[in-house]
Amino acid sequence: MGLVIIAMIAWSGTAGAESAPLSEATEACLECHASVTPGIVEDWKKSRHFLVSPAEALKKEEIERRISAESIPSETASFAVGCAECHLLNPESHKDTFEHEGENVHIVVSPADCAKCHPKEAAQYNDNKMAWAYPNLMNNELYGKLRESINGQYSYKAGVLSNNGVPAGEDELACLSCHGTEVKVTGVETRETDYGDFDIPVLSGWPNQGVGRINPDGSRGSCTSCHTRHQFSIKTARKPYTCAQCHKGPDVPAYKIYSVSKHGGLFASHQDEWNFSKAAWTVGEDFTAPTCATCHVSLLVDKEGEVIAERTHRMNDRLPWRLFGLVYSHPQPVSPDTSRIRNSDGIPLPTGFDGKYAAEYLISREEMENRAETMKGVCQACHSRSWVDGHWDLFEKSLKSSDAGVMSATNIIGEAWKTGLVKGPAENGSPFDEPLEKKWIEQWLFYANSMRLAAAMGGADYGVFEGGRWNASKNLVDMAERLELYKKLNKKDDSAKKRD
Amino acid sequence: MGLVIIAMIAWSGTAGAESAPLSEATEACLECHASVTPGIVEDWKKSRHFLVSPAEALKKEEIERRISAESIPSETASFAVGCAECHLLNPESHKDTFEHEGENVHIVVSPADCAKCHPKEAAQYNDNKMAWAYPNLMNNELYGKLRESINGQYSYKAGVLSNNGVPAGEDELACLSCHGTEVKVTGVETRETDYGDFDIPVLSGWPNQGVGRINPDGSRGSCTSCHTRHQFSIKTARKPYTCAQCHKGPDVPAYKIYSVSKHGGLFASHQDEWNFSKAAWTVGEDFTAPTCATCHVSLLVDKEGEVIAERTHRMNDRLPWRLFGLVYSHPQPVSPDTSRIRNSDGIPLPTGFDGKYAAEYLISREEMENRAETMKGVCQACHSRSWVDGHWDLFEKSLKSSDAGVMSATNIIGEAWKTGLVKGPAENGSPFDEPLEKKWIEQWLFYANSMRLAAAMGGADYGVFEGGRWNASKNLVDMAERLELYKKLNKKDDSAKKRD
Amino acid sequence: MGLVIIAMIAWSGTAGAESAPLSEATEACLECHASVTPGIVEDWKKSRHFLVSPAEALKKEEIERRISAESIPSETASFAVGCAECHLLNPESHKDTFEHEGENVHIVVSPADCAKCHPKEAAQYNDNKMAWAYPNLMNNELYGKLRESINGQYSYKAGVLSNNGVPAGEDELACLSCHGTEVKVTGVETRETDYGDFDIPVLSGWPNQGVGRINPDGSRGSCTSCHTRHQFSIKTARKPYTCAQCHKGPDVPAYKIYSVSKHGGLFASHQDEWNFSKAAWTVGEDFTAPTCATCHVSLLVDKEGEVIAERTHRMNDRLPWRLFGLVYSHPQPVSPDTSRIRNSDGIPLPTGFDGKYAAEYLISREEMENRAETMKGVCQACHSRSWVDGHWDLFEKSLKSSDAGVMSATNIIGEAWKTGLVKGPAENGSPFDEPLEKKWIEQWLFYANSMRLAAAMGGADYGVFEGGRWNASKNLVDMAERLELYKKLNKKDDSAKKRD
């Protein structure tokens, strides 16, 4: 008890007059947690949640509001958004709720909790491919074969390399790190602490902050992927470093490309003069070049307050094309649940190997044009229409050229499968596990994606020597030569056999 | 008309007393463009062009001046440098000039326009390899083969991979993104806008901001490559992110190497304390470690105002060696127009395959020493002479070792060509399109360049595992093994044929 | 003499009242060096060494002190730490001491010099693998073979690729750039300057700032590797860019992984709000996410001044595991001198090829647990215990999976050696110089390291497509196929021979 008292005193000393009033429940949390997890508490004290109560926030002009609820129940609206305001919400729906110091606390705050004040954002986000990133990967049988070929445990014995399946933890450490895990309560453990013994739920798939996390309350996603706890700052989400967490590898080199683009260079050079916290975000005044959020998410206005683009957390509202080749570029899917898509061969892919769209699952030409116009509206805040049209035309040319490169690679692997030199789907082989197949994958997953993203953002060398056309063209001649070698050696085997 | 009035009011409300006087013509532009392209206008309002008239700028001490004209015609000198001051300049020489609201406006502001106030910089830049980056690439027949092998469209049919040539847009998306396009007027289109219909020139090769852009007035280059519009800030140009736009890929990993060098680490850690806007730039006071601009461009002084290095926009004034291997390192070329160079075999390369310099096209040993001394003078602001000499000696050793590695690779590919196992120049084949040739290219274009730049800047792993000696040595043993394999298979073909 | 007077005046004009008193000897240095090396002097004038005398520094509360000496001899303690206070220290032990303007000056200030005020840090650092990085690499015969295969000079003649040994400068440009050189005095040269002729020692292995530099006084390491001269700022050392100098390549992609981790994203987005200069460093208040220094080095306190972790310059005090695979992950070595280690086959490696630890040279399970607890204590400042345990469990799973992948690669290369298809150690061949061996090296040196570091820091794609599981699995199937090819071709050779 002595320790608790000390902690309470400590806390009293630091809670400044500048905060919104703290609820009794939150004060109780802080009595211990200011000492137990001081980093969390100090971080939160820098947040808007600490400074401004929802009731105060609702008094702002609608365009300046960061909360989208029309009203907040009065019993909580006048307090700062503290520990209790989130971790005690909706206790009955949370399987990770546990009794803790007299309260029903849950560990994993979910989008369904955040929706109390931010319902529009939560709803939009749930309509987002990112919210579905877990099932979109894990429920797609084809992608499962790719995942297993990457995360599986290999052994080599007597001249044979075998994949013995994915060991525990490997999916979580790899794909699900970004895609999100399924967080489940697997038991309860008693933890001895300086403050006494506590029974605390044991979670599997935890910790994780992936964008498509399945939470213990059944909700999808993790707001803290981008609005990182416990400051939940709009500044964090508007900086490209946040997107870079998942969008930097060779499969989606978006951040890398941005960072060498004109926009990214201006951001890096001048961000110290920008205002990353203002809502709505004023073009030219608050920033002089876009970050990821500018083009894809933020509510943008001009200096007179005219809206240039509405805020959206359904990230593809401004995107007609899906650049991420599977295996070709294609119109955005209609539903965020992409695991339902089947191409004309019945394969869960948005295009055929011949490039034909699985059209019924993809947005219409008209919808594509609407989305393109929304995006171009953002560009036109700083660029003339002829500039924007010229850029867009080049960008769409890159889709054609990158798709054509992938088609050549697909034709090579197709011939390898047909001749049986590589064991393909027709022979019940994984299309992803042999050396030539790996090269085919890199053609669409790495090089074509890089070419397209470089065209979209003006990313210079990522379209050429850094994962772009150089790599694509080199890979193609290598693939052709490798297939030639297979043929030669196989023929020799045959002719050798004949002679033996 | 109503809209125009609203826009004008909007503008009146925002133009602060802090600007230099605006010309009537610029006021007229702003009436609409403050609303139409608010990002451009707000960005410009943060510029020195907005704040200080040329007449005021000319009153500064010469060493502090950012304009190099001795005088500016009085009719324009007293106004802020606004829309009209640049976009109405030299209308007769611009093929992209069009009548717009009673003025002869052109779209692409060129170095010839900037030269009105910045004549020395424009002239120096025109003497720069970068200003010639378009013809240096596009008029060199040999480089053309490399470009086609990278940007060409491949198809694979009946076991044969064919390159069907470079489709429209591909050069622009790839090489010309940095090298610059040729911007041409291809027609006129009528554009419907909220302000009425306008006839606007249609441009090909646009948008583009490459360093060697050929502008519609025939001038070379794009000042906004580095002094990005419409803030045109010296701060932008002095930050390394700007150079990174083109100098980051594996062919010229300069930015990457800088960023892990001691200098780059200090820049990243302490840039918040530095003054990136002061001219002249004071060593130790305004900054405590160099950026790209410090060593290659800027006017540097010590605290007493003593000049350490003169400003230059001919970037190789301080560079004796050209590190970019073609295929070996060599003295800088005499002329920025490198397409004229021929080696002793008549090939448009600054060295022979045997490493011999195309000496008549390259600067003399004496000129190299002068340039080296200028560069060392910059180093000595912070380093003792023995430090600098030791560094330089190591750097020049890296040229020898990287060139020797390239020589081994050239000998391998030479043998492959001689034996006909790879179709080389003697058989009228492209030297750049087969798998073994691609590996040879990476030896000089990637690994040797990385080793040299890492030595120049102290770039640690870029000289070893990150594209350096590890990759160079691995590539060599792979090349040798691949050639061995070709020989073996070919011999087998022969012996199999004999026996058949 | 005239020049000297001018310089003196210049200096008098700039030395502000804000400095600690300057010693007469330092004043004398500045008379010339303020002009000769203005960057050094201005940089130093921004340092704490300039502002605060050791005597003043000793008056601080112990927890706030940056110096660890209990007392400083009074004759020097009251002066600013200037040129003379370091470069004249311990003249008799420095082989690079030379007579200069009446003083015994040495060039290379060493940890033994810094130890006058910072003895604990110097002692801890000397117990650090980094301090031993030179002998750990250069005295290990096995590593020598790797070094030679990378830095050696290759030539190709008559179908044979030969390694002709490591030319002068190559080790310095490559491995020793980070590991540190041995700095030796090789002679004296007379240098003509504007201030007269000076006899100055000539040094080999200079310049260098590697972490394991052997200094002319026999001491190990270079404090300026991280506390870069002449500002010696704790801010520099606390920013991750400093660590990135050596920890960014594919062998130790720590910085890259950090930069896409949640921690790195927060650092990049919010560092402008943080205090990088305060000692002790207060969690949550001075920073809201860790940098490299936070977890591995810094003295951390909470807002009440409670110590969360003690400062250490023996970087592995908080590290149970050594992630850097040689060839498998293993417990940290007991001694920083790893060249003594022998595995059960007598090879200087901390594990056998079968993965068995060279246990007597490695820390005990108990010591590992102690170190893990220290590290987890840092995590718990911001994360709950169940979060931390979950993270740690996943991290240790990554060690198993990455080691298993390496084991498969080792089994492939082992078979290649056994069959003689690749010339291995048993045949007195280097295990590092053939193409298949290079692929084996990349399995442990690149991909396994990346997987482990990504698990340790939450580094997303560095565990998958960016050097992680994708690359590891692709490399394995490539290795198996390559060995198969060797077998096939060899068999054909045999059968061809039989028939001939």
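Guide: A quick definition first: two strands pair if DSSP finds at least two bridges between them. Keep in mind too that this is a predicted model.

Visitor: Which residue in the hairpin of β3(C) and β4(C) takes a positive phi?
Guide: There are two residues between the strands of this hairpin. The positive phi, near 50°, belongs to Ala158(C).

Visitor: Which strands stand at the edges of the open sheet in chain B?
Guide: The sheet has three strands in the order β7-β8-β9 (chain B), with mixed pairing. Each edge strand has a single partner, so one side of each is left without a neighbour in the sheet. Those two are β7 (281-282) and β9 (307-309) of chain B.

Visitor: And what is the bridge partner of Val301(B) in β9(B)?
Guide: Strand β8 (residues 300-301) of chain B runs antiparallel to β9(B), and two bridges join them. In β9(B), Val301(B) is bridged to Val307(B).

Visitor: Over in chain C, which residue of β8(C) is the bridge partner of Thr282(C)?
Guide: Chain C has an open sheet too, three strands in the order β7-β8-β9 with mixed pairing. Its edge strands, each pairing on one side only, are β7 (281-282) and β9 (307-309) of chain C. Two bridges link β7(C) in the parallel sense to strand β8 (residues 300-301) of chain C. In β8(C), the partner of Thr282(C) is Val301(C).

Visitor: Why do the buried residues of α9(C) lie on the same side?
Guide: The buried residues of helix α9 (residues 119-126) of chain C are Glu121(C), Ala122(C), Gln124(C) and Tyr125(C). They share a side of α9(C) because the arc they cover around the axis is only 165°.

Visitor: What is included in the cover over those buried residues of α9(C)?
Guide: Covering here comes down to contact, meaning heavy atoms within 4.5 Å. On that basis, the cover over the buried residues of α9(C) includes α8 (111-114) of chain C.

Visitor: How many of the nine residues of α17 in chain C are buried?
Guide: Among the buried ones in α17(C) are Lys262(C), Leu266(C), Phe267(C) and His270(C). Helix α17 (residues 262-270) of chain C is largely enclosed by the rest of the structure, because its buried residues number eight.

Visitor: Which three residues of chain B supply 13% of the area it buries against chain A?
Guide: The contact takes in 69 residues of chain B and 64 residues of chain A. Between them the buried area is about 5600 Å², with carbon and sulfur atoms giving 58% of it. Supplying more of chain B's share than any other three residues are Ile150(B), Tyr156(B) and Leu173(B).

Visitor: Which residue of chain A forms a salt bridge with Arg482(B)?
Guide: Across the interface of chain B and chain A there are nine salt bridges. For Arg482(B), the closest N and O atoms are 2.7 Å apart, and the partner is Glu481(A).

Visitor: Which residues of chain C lose the most area to chain A?
Guide: This contact has 64 residues of chain C and 70 residues of chain A. The buried area between chain C and chain A is about 5600 Å². Together giving 13% of what the chain C side buries, the residues are Lys262(C), Phe465(C) and Trp470(C).

Visitor: Last one: which element gives the largest share of the side of chain C that touches chain A?
Guide: Nine salt bridges cross between chain C and chain A, including one of 2.7 Å (N to O) between Glu481(C) and Arg482(A). Polar contacts there come to 23 residue pairs. Elements giving two or more residues to this side of chain C include α20 (385-418), α21 (435-457) and α22 (469-499). The largest share, 17 residues, comes from α22(C).

How values were computed. Residues numbered from 1 in each chain as written. Chains lettered and ligands numbered in written order. Predicted model: local features only at pLDDT ≥ 70, side-chain atom pairs only at ≥ 80, totals over all residues. Heavy atoms only, no water. Buried < 20%, exposed > 50% of the residue type's maximum accessible area, 1.4 Å probe, protein only. Helix = DSSP H or I, 4+ residues; strand = E, 2+ residues; numbered from the N terminus. Arc of directions from axis to C-beta. Buried area = accessible area lost by both parts, 1.4 Å probe. Salt bridge = Lys/Arg side-chain N within 4 Å of Asp/Glu carboxyl O. Polar contact = N/O pair within 3.5 Å; in protein donor to acceptor, adjacent residues only side chain to side chain.
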